[in-house]
Amino acid sequence: MRITAIDGSPKPKDSNTKQFIGAITKSLEDTNTIHTYSVAIKPLEEEAIGIVLESDVILLGFPLYVDGIPSNVLKQMIVLENAFQNSKKKDTVVYAIVNNGFYEGEQNVNAIEMVKHFCKRAGITFGQGIGIGTGEMQGGMIQQGMPVGKAVLKNLGANLEILTANIKNRQSGPNLYVRPNFPWHGFQFMGDHTFWKAKAKKNGISVKDMKQRRLYKKA
């Protein structure tokens with residue numbers, strides 16, 4: 001089976017999207033031909049588009065941007081939509097992997113629905129989507145070496161197994177939504193103290209500065 005994975009993160013390297021795509025393709029690479037591309041800096045070139053059009057499966061991964069699709073990915077999807085409309089191959093199945101910085105994976109529902117509409121317009125099949133919450137935390141833990149399916153990543157591992165099984169059989173399934181095996185209040189505390197306040201301090205901004213309400217005069 002020919003599989004193309006498209007990393008739609010605007011980050012040119014070390015993206016969380018890359019970690020989630022890697023966790024899936026790791027269990028597919030032994031028996032399938034896999035091409036992986038990033039559209040962080042520039043869209044796919046003609047040769048790569050040709051490979052996408054001949055793919056049996058497309059893994060489209062990206063981070064959530066204002067409940068939607070990042071502009072770099074949207075631009076690429078428009079090109080692929082037109083290419084598929086003019087292609088003879090119509091049995092390609094698309095799986096969407098969307099992550100966000102919220103606790104709830106369900107926040108990705110609208111973006112996954114957008115991918116579904118893309119497939120309909122392109123004339124290809126939407127297989128399944130997975131919405132991953134706390135993408136920064138879970139992606140970071142994968143990058144640091146935590147096994148997927150263990151500890152905080154237990155729910156992620158279980159849902160990726162379902163998705164991977166459907167990919168292997170090119171089957172469709174209901175969308176999956178993942179929350180970490182970690183309490184919400186703990187996630188909130190970590191985000192507040194170890195991320196936002198730490199970032200502010202690094203940039204010379206105090207907690208008092210962050211809480212100020214700034215008024216701007218109209219020009």
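**Entry 1: a salt bridge to start**

I began with E106 and R179, whose side chains meet in a salt bridge at 3.3 Å, N to O. I then looked up where they sit: E106 is in the loop between strand 4 (93-99) and helix 4, and R179 is in the loop between strand 6 (176-178) and helix 7 (184-202), so the pair ties together parts 73 residues apart in sequence. E106 counts as partly exposed at 33% relative accessibility, and R179 counts as partly exposed at 38%. A note to myself: this is a predicted model.

**Entry 2: the other salt bridges**

How many salt bridges does the structure hold? I get 8. One of them joins the side chains of D56 and R2, at 3.5 Å from N to O. D56 lies in the loop between helix 2 and strand 3 (57-63), while R2 belongs to strand 1 (residues 2-7), so this pair ties together parts 54 residues apart in sequence. D56 is buried, with a relative accessible area of 13%, whereas R2 is partly exposed at 39%.

I also found K89 in a salt bridge with D91, their closest N and O atoms being 2.7 Å apart. Here K89 is buried, with a relative accessible area of 14%, and D91 counts as partly exposed at 39% relative accessibility.

**Entry 3: helix 1**

Is helix 1 largely enclosed or open? I looked at residues 16-25 and found 7 of the 10 buried, so helix 1 is largely enclosed by the rest of the structure. The buried ones are N16, T17, Q19, F20, I21, I24 and T25.

**Entry 4: helix 2 against helix 3**

Next I took helix 2 (residues 46-53) and helix 3 (residues 71-85), which pack at an angle of about 60° with their axes 11 Å apart. That makes helix 2 oblique to helix 3. The crossing of helix 2 past helix 3 is right-handed. On the helix 2 side I noted I49, V52 and L53, which meet Q76, V79, L80, A83 and F84 of helix 3. Sorted by class, this contact has 7 nonpolar residues, 1 polar and no charged ones.

**Entry 5: F118**

Last, I looked up F118, which I found in helix 4 (residues 109-122). F118 is buried, with a relative accessible area of 6%. What does F118 contact, leaving aside neighbours within four places in sequence? I list M77, L80, E81 and I124. I also checked F118 against L74: the two are 44 residues apart in sequence and 9.7 Å apart in space, C-alpha to C-alpha.

Notes. Residues are numbered from 1 along each chain as its sequence is written. This is a predicted model: local features need pLDDT of at least 70, side-chain atom pairs count only at pLDDT 80 or more; totals for chains, interfaces and linings use all residues. Side-chain values use heavy atoms; hydrogens and water are left out. Buried means under 20% relative accessible area, exposed over 50%, partly exposed in between (1.4 Å probe, protein chains only). Helices (H or I, at least four residues) and strands (E, at least two) are DSSP runs, numbered from the N terminus. Axes are lines fitted to C-alpha atoms, for helices over the stretch in contact, and angles run from 0 to 180 degrees between N-to-C directions. Angles under 35 degrees count as roughly parallel, over 145 as roughly antiparallel, 65 to 115 as roughly perpendicular and the rest as oblique. A crossing is left-handed if the near helix is turned anticlockwise from the far one by less than a right angle, and right-handed if clockwise. Contact means heavy atoms within 4.5 Å. Ala, Val, Leu, Ile, Met, Phe, Trp, Tyr, Cys and Pro count as nonpolar, Asp, Glu, Lys and Arg as charged, and the others, Gly among them, as polar. A salt bridge is a side-chain nitrogen of Lys or Arg within 4 Å of a carboxyl oxygen of Asp or Glu.
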